[in-house]
Amino acid sequence: MTAAVQQDIDARTHLTSTNQFELLLFRLGTDNALGKSELFGINVFKIREIVAMPGITPIAGTAAHALGVVNLRGQVIPVFDLPAIVGCKPQTGLNIMLVTEYARTTQAFAVESVEDIARLDWKQVLSAQTSGAAGKLVTSIARLDGNTDGSRLAQVLDVEAILQMVSPSDDHQVTAEKVGAKLALKPGAIILAADDSFVARSLIEQELKVLQAPYEILKSGQAAWDRLNAIAQSAKAEGKTVLDRVAMVLTDLEMPEMDGFTLTRNIKQDARFDGLPVVIHSSLSGSANEDHVRSVGANGYVAKFAAEDLAETIRRVLPQPGNP
């Protein structure tokens, strides 16, 4: 059993080296707009386990969409009504519970049914905003059958936005007391960030503003890679290097078109970007992910969203003016 589990972990870790991932597909019932049952998805790396709906203990005075708590393997876990959050009505009830790990926290979401696990290339996944399907709870649209007409589509949910909505945290408040003094960047240099979550981009932006650091934030790894190449070309034409223009790269892991693993590996294997620090900022916690972060050459890893940890890591990896 242990060998099988380790083999499964190794296989999923290998996917990240090929810009691939596995998407758990599930249904929430009919939507309120068209009365259809659509497919939704969450990265398998976020799923700790899938169980038949257990008995739930309601908690007095909890927020809307909170069903209560369950005692699972000695841990008390909050359970949220995912169909109600998204705006769907289950036809057969809340039958399955998805236990998720997000930024070192554990919570569960009730769903109607689980369909399948699809192995996809991130190139099959388009940003919700790029595809014109922008919504506060959806980061991207997955084309399950590839780039073909009539491909089945699945909405990849923004777990960060959902949790921020149903369980707001004061820990997400960014203040100068938390993150410290202004960053000292080389004049003319910026921090280049990439994240497909609206909530994450907003929090990163807040922090970099408090740190008074010039920045540019993009919505996918591919967009960040394209921008980095354009900066390199422009810098070369002016007789400068990328390090004169970009102080560091801050990237999420899960992103449409190109994930953070691939972006980091591309940067670290390209001589033009020699010495450019890369920090991975992700909700995918766990030792397997953190080990793989190190294997692709990232200079740091920060679990979302801890303002103090992010500021401390940025200061640690950032080249300071006047220093080599």
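1. In the predicted model shown here, Val 79 finds its bridge partner in strand β8 at Ala 108. Strand β8 (residues 105-111) pairs with β5 in the parallel sense over three bridges, where pairing requires that DSSP find at least two bridges between the strands, and where strands (E, at least two residues) and helices (H or I, at least four) are DSSP runs numbered from the N terminus.

2. β5 (residues 75-81) is also joined to β4 (residues 66-72), this time antiparallel and through six bridges; here Val 70 has Ile 77 as its bridge partner in β5. The two strands form a hairpin with two residues between them, and Arg 73 in the turn has a positive phi of about 50 degrees.

3. Just after α6, Gly 239 takes a positive phi of about 75 degrees.

4. The buried residues of α6 include Trp 225, Leu 228 and Ile 231, whereas Gln 233 and Ala 237, on the other side, are exposed. Buried means under 20% relative accessible area and exposed over 50%, with partly exposed in between (1.4 Å probe, protein chains only).

5. Residues are numbered from 1 along each chain as its sequence is written, and side-chain values use heavy atoms, without hydrogens or water. As this is a predicted model, local features need pLDDT of at least 70 and side-chain atom pairs count only at pLDDT 80 or more, while totals for chains, interfaces and linings use all residues.
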